[in-house]
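Please open the model in a viewer and keep the selection panel at hand.

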Amino acid sequence: MRSLQRVFVNEALPPLIAFIVLILLWEGVVRGLGIPIYLLPAPSASIETLFRLLSAGWTEPTYVGGPPTGIMRDAYVTLTEAVVGLVAGSITGLALGTLMAHSRFAEQSIYPVVAALRATPIIAIAPIFIIWFGVGVAPKAVVAAISTFFPMLVNSVVGMRSIDPQTLEFFQSVRASTREIFWNLRVPNTLPYFFTGLRLCVSLALIGAMVGELVGSREGLGHMMIATAVQLRTTETFSGIVVLSAIGITLTAIVQVVQARVLSWHESERVS
Amino acid sequence: MTVREAAIETRPDLVDAGIAVRRLTRRDVLIGLVNRFWPGVFGFAVFFGVWEGVVRITDTPAFIIPTPSFVLAAFFPRLPGLLAELVYTLAAASIGLVIGLAIGIIGAVLMVHWRILERGLFPIAVLIKLVPFVALAPLLIVWIGYDLKPKIFLAALITYFPVLVNMITGLRSVDEQALEFFRTVGSSRWEILWRLRWQASLPYLMACLKVVGHLAIVGATVGEYFGSKNGIGMVIARTSEMLQIQGLFSAALLMALLGSALVILTNTWERRVVYWHESVRTSGGRG
């Protein structure tokens, strides 16, 4: 009990205090200087709007670019795009990474192409996909997949390669087949790298979906945010940011929980 | 590039094996270069060949998917105009990058020296980082205007976090014994910071520089996309609105070339600056 208290005082209290100070400062500055609500809403006003939008529940948009009545549907659309993109990007990255880890030639020929694709800012590619696939879920999922697949690729190559040479020798000395070495040694060894990549990719997928939506869409949080920002309905834009951040934090937490379960045997989990 | 440098670049195995680099003939170097680069050339050839072939066979109209040859033909006439816009983008990106680096480095130095600052401020830095920066782009236009400022802000916002995280790790990654030695000879905190911690953090700084240069350009381009009179981001926005797919692909191609050049540049630079660090020696400095 005592140690729990200490953990709270040491770990949770300082950020909590800093956060509260930040919010109070923000509220104070907005009120003190009389900053108009369309420019920078106070936290209190933003929270009020957020609750109004949340309590409206699942409402269809009235017309394109119309004022948002509920935020649930937009959040659902963005979440779908990000998750579909994350899954597609991860699978592609893992597959290519496995191929590259097994063949030097594949690595040397695929890596430059992938690196050039990666070096292109996503905002330059997103409009192309909007033109190709329209304004639905598909182009955003593609953009999210492109943003996520590179970290997955790099992590899977490193994971597949960085096996303990002694363990590999042991496997070979008991005449393990290549397939056995792959499933029993390389794949488990890749898992920690996989989860590191996945945690990184959660926020990348959300940003990818957002970029796609901002470039061209009829619904989703990105659409809602840009539509409200240009109408100077800034409190609603802020609500979108809060909901998006909440989705990001939740997804990251889910990945972390799954990781702790799956990797309970690994030293990185045991230490902490 | 001298023969010796080229030899180190292309045949590190020989250098490691202790075979005198000077004895390598030009022919060895040439073979080394071919061995090193032909898989990459092959990869690009397959990529563009498949693209060109698929578009031609399916007879897709050029305004939907142009062939690489078509894009290339449209690229060169547009290049002078694009480069003029690129100057604007790079100006915003570099100013933002400098600000992001300054915030990240100063923040890391403060957080490493005062734990209470790290406990209090680092979670807030994480929170700010979690806010998707693209969501701020339309708001920034409202807040700070239509000119260079929101682009600089975005570039700084997107770059400070990797710098902060890497510098905290780097400044901490000092050799315990060296630290003890500095303390026994009565070095001040300032001396330890400058002569020990800063040196230890250089590989980490280089590692994040490889990422943040690209990020700064992304930030500036996104800022331009949502409202600007100049810049590559503006070109992307205009051409995609008007379905000028050649212009759009030309801009994307320029950004791809720029990004690739940046990667090659930072990798080479890293090998020069932190050549003594094991991460460079073992991995060949690939990020």
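Predicted model: local features only at pLDDT ≥ 70, side-chain atom pairs only at ≥ 80, totals over all residues.

Which residues of α10(B) are buried? They are Ile232(B), Gly233(B), Met234(B), Val235(B), Ile236(B), Ala237(B), Thr239(B) and Ser240(B). Because eight of its 10 residues are buried, α10(B) is largely enclosed by the rest of the structure. Next, select Leu243(B), which follows α10(B) and has a positive phi, near 55 degrees.

Now widen the selection to the interface between the two chains. Here 42 residues of chain B are in contact with 44 residues of chain A. On the chain B side, the elements that give two or more residues are α3 (26-58), α5 (115-130), α6 (133-144), α9 (189-225), α10 (232-241) and α11 (245-273). Of these, colour α11(B) separately: α11(B) gives the most to this side, with 10 residues. Colouring the chain B side by residue class shows 32 nonpolar residues, nine polar and one charged.

Proceed to Arg119(B), which is placed in helix α5 of chain B. Is Arg119(B) buried or partly exposed? Arg119(B) counts as partly exposed, because 18 C-beta neighbours lie inside 10 Å, whereas a buried residue needs 20 or more. Leaving aside neighbours within four places in sequence, Arg119(B) is in contact with Pro14(A) and Pro15(A).

The domain assignment of chain A gives domain 1 (1-35) and domain 2 (42-271). Colour the two domains of chain A separately; their C-alpha centres lie 30 Å apart.

Finally, in chain A, select helix α8 (residues 178-215) and helix α10 (residues 234-262). The axes of these helices are 9 Å apart, and the packing angle is about 170 degrees. That angle makes α8(A) roughly antiparallel to α10(A), since angles over 145 degrees count as such.

To see where the pair meets, show the side chains of both helices:

- From α8(A), display Leu191(A), Phe195(A), Leu198(A), Arg199(A), Val202(A), Ser203(A) and Leu206(A).
- From α10(A), display Leu244(A), Ile247(A), Gly248(A), Leu251(A), Thr252(A), Val255(A), Gln259(A) and Val262(A).

The residues of this contact of α8(A) with α10(A) divide into 10 nonpolar, four polar and one charged.

Methods. Residues numbered from 1 in each chain as written. Chains lettered and ligands numbered in written order. Contact = placed C-beta atoms within 7 Å. Helix = DSSP H or I, 4+ residues; strand = E, 2+ residues; numbered from the N terminus. Nonpolar A, V, L, I, M, F, W, Y, C, P; charged D, E, K, R; others polar. Domains from an automatic or database assignment. Buried ≥ 20, exposed ≤ 12 C-beta atoms within 10 Å, placed from the backbone. Axes fitted to C-alpha atoms, helices over the stretch in contact; angles between N-to-C directions. Parallel < 35°, antiparallel > 145°, perpendicular 65-115°, else oblique.
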